Every structure is written in structure tokens, then in C-alpha cells.
Amino acid sequence: MLSIKNAVNRARVPALVAIFLSLLLPHTAAYSFEKPEVVRIAAIATNQGGKNVVSGGQSAAIAANGWLEDELKKIGVKFEWYPVSAAVGGPLFNEALANRSADFANYGDFPALIAKAGGIDIKLIVPSGHGTNSYLITAANSPAQSIKDLKGKRIAIHRGRPLELAFSKLVSSNGLKYKDFKIYNVNSQAGAAALAAGDVDALFTGSDAFQLQDNGVGKIIWTSKGTPWKWRAELFVRKEFADKYPEVTQIVANAYVKASYWASQEENRKEVIRYATLLGTPENVVLRDYEGDGDNWKDRFSPLFDPLTVEHYREAAEFTLAEKLISRKVDVKDLIDTRFLDTALKEQKLEAYWTPRTK
């Protein structure tokens, strides 16, 4: 009888140890899913003092605060940024996704559509705010007050870049066509030089228009502020990665939503503006670019798939196809995957925090 009792007691020991360990290490079961050795996110970065510094948007906040690195470390996964020069941008992002050098990319709408149409199966999983503004600036001594006054004139614009969608909207909304102008396809730097030299009558560009105006080169006569005609940069993931590692993809999405929430807090405004200067844009330009856009500070950083965000991608897909930037139309329903954002908002109790835009 005693030997049986001892045997029962001995059998209880492993069970008790297992229970003790489960209480001591509750995270073990929670992370019993397939994981990669490393996660890489492609993002715009600048070289400062021999070190790549991730610049702008949610990625800058994540990099500065180490949020994603810390979370992935908890499950034994390494994290790396894949730096991309702003001077090259889209092609390098798409190359990194195509050859699996990066699993995620925080980049623009046009190159993402080009990737999708070209057979790189990616998904948009976390939007990034309400978009970036464009400006139409004429020569300083020009009498033009609107795009209509530039009919027959020379306009410089970098064709095939995300801001061209806003330009096409501006032209068509005024009953005009591209053929009504002499369009010069040059990048913003060359366009600025051409405007200063009098070789073009106007330039369609980004916030650098403020610096041109400050330097007496030209005057801004139109801005995309107050319109939905913006260009966008968001978080995309390779579908193959998301399908194989959904739990890890969720951790990344959570960090980007956390960054959006952090940026939306008024007490972080100064730091958000500082991040926006990391590519060399002066603070006074960043401030003026943000001013007068009709958004409150909180909603400016909304990561929601609201109707205007979805409509933007539908229009961008149609435009890139019409302009032969892509060879086949991208189905926006196949591009967007809302699952990870929905879960992130729920887990962080942010379902009702941002107001979705409808117009």
C-alpha cells in the first residue's frame, strides 16, 4: 500500500512542476507559433554621421522609440530596418520586396501599385494619415492666379510620381486637359532650377515650394490642402510573409498603429515635427505644410481604411493604368487587407478614437 502511495506522489511531481512553470512563464504558450529569424522593414532613411536614420512618418517614431524591436525581441525574433534613399525610392523598395530582402515596406502609393501590377504580391495593411500635399508655384512676376491662367504655358512636373495624381485632378476639375499646357517632365530639383531661370512658367511640386517662395523664385497659387487629392505612403507586407507568419505580421501592424496614436497626441507635436525635418526639410516649411489643411491634429494621423483612403487607391490604380505606368489594372480589393488593422485597433482600444472621413 505504501509503495503505491509513493508512486502516486512521484507521478504528481512532474505535473506540479509543469503547473508551476506555466504560472511562472505564461508567455510561453502565447508565442507558440511559427516565427522567422528576422523581420525587415524597408523605409526611407538618411545617412547621418555614418549611421542610417529612419526618416518621417510612423517608421521614424518606431525607430526612435524601439517599440517594434522590443516586441519582436520578446518572441526571439530579430528586427532590422532596410534603408532606402529618398533619391531613389520606389524602385529600391520594389526590388527589396521582390527579392525578399524586406518583408514590409513603408512607402508610396504609385510604386506599390506598380509592384502589385508587376506580380509582387503585397498587401496594404496599415494606412498612414490623410496624405501629403502638393503645390503649384509660378514665377514670382507671373500674373497667373490659377491653373486656368496657365493655359498654353510651360509647366514642370515629375511625371509618374505620386503627386501627379493631384495635378491631373486639378487640371480635369477646371475643365482642362494635359494638351492645354506644355508639360516638361523633370524632377523637382530640375524643375526648381528651370523656374528660377525662366525656362518654365510654373512648377508642380511638394512642400519645397515654400522654400522657392521664400527665396523669391516664385509664388504659390494652388495647394491640395482642403482636398482629398494627396499622395500617400503606408505600410505594405509581402502576402507570402503575412500568410506564413500572421502573428508576427500582427505585431508589426500593432507597432504602426501605436505610432499613429503616439503622433496624434498633442504633447508629441514637437517631436512629430522634428521627425519630419530628418530629410532636411526646414521646420518652418513643415509647419506651413501642416497648417490650414482642415484636419485636427489627432485625425491627421488616422490609420483608418476610411472611404476616402480606399477611393484614393481606386483612382490611383485607374490613373497609373491610363498613364501606362502599369500594364494591368490593380483590383484595390485584392490590394487591401484590413484584418491586421482591425485587430490592432481592438487590442489597443482605439476602435472609436479616430473619425473616418467620408468626403
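Me: A salt bridge is a side-chain nitrogen of Lys or Arg within 4 Å of a carboxyl oxygen of Asp or Glu. How many salt bridges does the structure hold?

Reply: The model is a predicted one, in which local features need pLDDT of at least 70, side-chain atom pairs count only at pLDDT 80 or more, and totals for chains, interfaces and linings use all residues. Side chains of opposite charge can pair when their charged atoms come close. The number of salt bridges in the structure is 23.

Me: Which residues are linked with Arg238 in a network of salt bridges?

Reply: Arginine 238 pairs with glutamate 240, with 2.8 Å between the closest N and O atoms. The network of salt bridges links Arg238 to Arg100, Asp103 and Glu240.

Me: In which helix do glutamate 311 and arginine 314 both lie?

Reply: Helices are DSSP runs (H or I, at least four residues), numbered from the N terminus. Glutamate 311 and arginine 314 form a salt bridge whose closest N and O atoms are 2.4 Å apart. Glutamate 311 is partly exposed at 28%, and arginine 314 is partly exposed at 34%. The two residues are three apart, about one turn of the helix, and both lie in H15.

Me: What is the N to O distance in the salt bridge of arginine 274 and glutamate 271?

Reply: Both residues belong to helix H12 (residues 269-276) and are three residues apart, about one turn of the helix. Arginine 274 is partly exposed at 38%, as is glutamate 271 at 29%. Their side chains meet with an N to O distance of 2.7 Å.

Me: What is the volume of the largest cavity?

Reply: A cavity is a set of points on a 1 Å grid over the protein atoms alone where a 1.4 Å probe fits but cannot get out, and its lining residues have an atom within 4 Å of a point. Grid points are joined across faces, edges and corners, and a volume is the space filled by probe spheres set on the points. The lining of the largest cavity includes His130, Lys230 and Arg357. The volume of the largest cavity is about 50 Å³.

How values were computed
Residues numbered from 1 in each chain as written. Heavy atoms only, no water. Buried < 20%, exposed > 50% of the residue type's maximum accessible area, 1.4 Å probe, protein only. 1 Å grid on protein atoms, 1.4 Å probe; cavity = no way out; pocket = protein on both sides within 12 Å on 5 of 7 lines; lining within 4 Å.
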